[in-house]
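Dear colleague,

Please find the sequence and the structure below.

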Amino acid sequence: MKTIEIKSAWQGVSDCENCSIRSSALFAELNEDDFSKIHSPIDDLSFDANTEIYAQGDSAQSLYTLRSGYVKILHINSDGSERIVRIVLPGNLFGMEALLGDRYEHAAVALTNAHVCRIPKQIIVSLGEESPRLHRQIVRKWGEALLQSESWFSEINTGRIEVRLARFFLKLAKESGSHAIAPLFRREDMGLMMDVKFETISRALASMAEQGLISNITRLSVQIPSIQVLQEFAKKGL
C-alpha cells in the first residue's frame, strides 16, 4: 500500500473494526457491511509533543480521530497572535472542516505525544451517502465538539486563575489509587487557553500547591490529593 509522507512515522493501517476506542470514535455505529465498503487506507500515526499535525490553511483532505494524548486546535490571527480554540480529548474527532471546504480553518498541534487515525474525507463522503448510521455519528460528533469547546473555554476563562485551573484539572483528572492525576501542558499553552501570561500560570500553580489543592507538580502532570476538596474550591468561582 502506498502511504502519504508527513512529518511523523507511519505505523500501518488502522484496524477500525477492532479499535479499542471504537465506542467513542467516529465509526462506533458502523457494522461489518459498512466496514467492507472502506477501500482507502486509514493511517495509524504517532506525533511527538509540540508537533504540527496540520497547519491553518493546509489542503483539507482528511479527518482525524485522537486515540491517545491531547491535541490543541489553534487559530492564528492576521497579526500573528495565537489562540487555542479547542482541546481534543481521546476519542474525539477533529479536522471536521474538511467536510465543508478545501482548507483547514485552524491548525492542529500535539500537546503531548499523540496517537491518531487519519481518515481520508472521501471515505466519510462515500459512506455518508450509503450509511445513515455514519451520517448520524458525524452530526453527533460535530455537535459534541462544539458543545465541549464552548463549555470548556467558558469555564476556564472566568473567575480567579486558581479557580480556572481547578476546573481545568477536574476536566482532565484520572483516578489513581487514593488520589488523582491531571496532565500539565506547557505554561505558554495553558496561558493561551486561559488568556493570561505564562508567569501567571506558574504563580497560580505554586499558590494551589501551598493550599494543598495539588501536589507533586512536574513538567507533565500534577497530583490531586482530593477531588472533592478541589471541586469545592472550584465552586467558589461560581
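Strand β5 (residues 71-76) is joined to β6 by six bridges, and the two run antiparallel. Helices (H or I, at least four residues) and strands (E, at least two) are DSSP runs, numbered from the N terminus. Two strands pair if DSSP finds at least two bridges between them. Across this pairing, His75 stands opposite Arg83 in β6.

Please note that this is a predicted model: local features need pLDDT of at least 70, side-chain atom pairs count only at pLDDT 80 or more, and totals for chains, interfaces and linings use all residues. Residues are numbered from 1 along each chain as its sequence is written, and side-chain values use heavy atoms, with hydrogens and water left out.

Strands of a sheet pair through backbone hydrogen bonds, either parallel or antiparallel.

Axes here are lines fitted to C-alpha atoms, for helices over the stretch in contact, and angles run from 0 to 180 degrees between N-to-C directions. Contact means heavy atoms within 4.5 Å.

Leaving aside residues up to four places away in sequence, Met194 touches Ile156, Asn157, Ile161, Arg164, Leu165, Phe168 and Ile201. Met194 and Arg83 are 111 residues apart along the chain, and their C-alpha atoms are separated by 9.6 Å.

Two further helices pack against each other: α4 (residues 161-172) and α7 (residues 227-235) meet at an angle of about 135°, with their axes 9 Å apart. This makes α4 oblique to α7, since angles under 35 degrees count as roughly parallel, over 145 as roughly antiparallel, 65 to 115 as roughly perpendicular and the rest as oblique. On the α4 side, Glu162, Val163, Ala166, Arg167, Phe169 and Leu170 meet Ile227, Leu230, Gln231, Phe233 and Ala234 in α7. By class, this contact has eight nonpolar, one polar and two charged residues. Ala, Val, Leu, Ile, Met, Phe, Trp, Tyr, Cys and Pro count as nonpolar, Asp, Glu, Lys and Arg as charged, and the others, Gly among them, as polar.

Two loop residues also deserve a mention. Asp195, in the loop between α5 and α6 (198-210), has a positive phi near 60° although it is a residue other than glycine. Asp195 is exposed, with a relative accessible area of 57%. Asn216, in the loop between α6 and β12 (221-224), is not a glycine either, and its phi is positive at about 50°. Asn216 is exposed, with a relative accessible area of 53%.

As for the chain as a whole, it has seven helices and 12 strands. Of its 238 residues, 47% are buried.

With kind regards

Conventions:
Buried means under 20% relative accessible area, exposed over 50%, partly exposed in between (1.4 Å probe, protein chains only).
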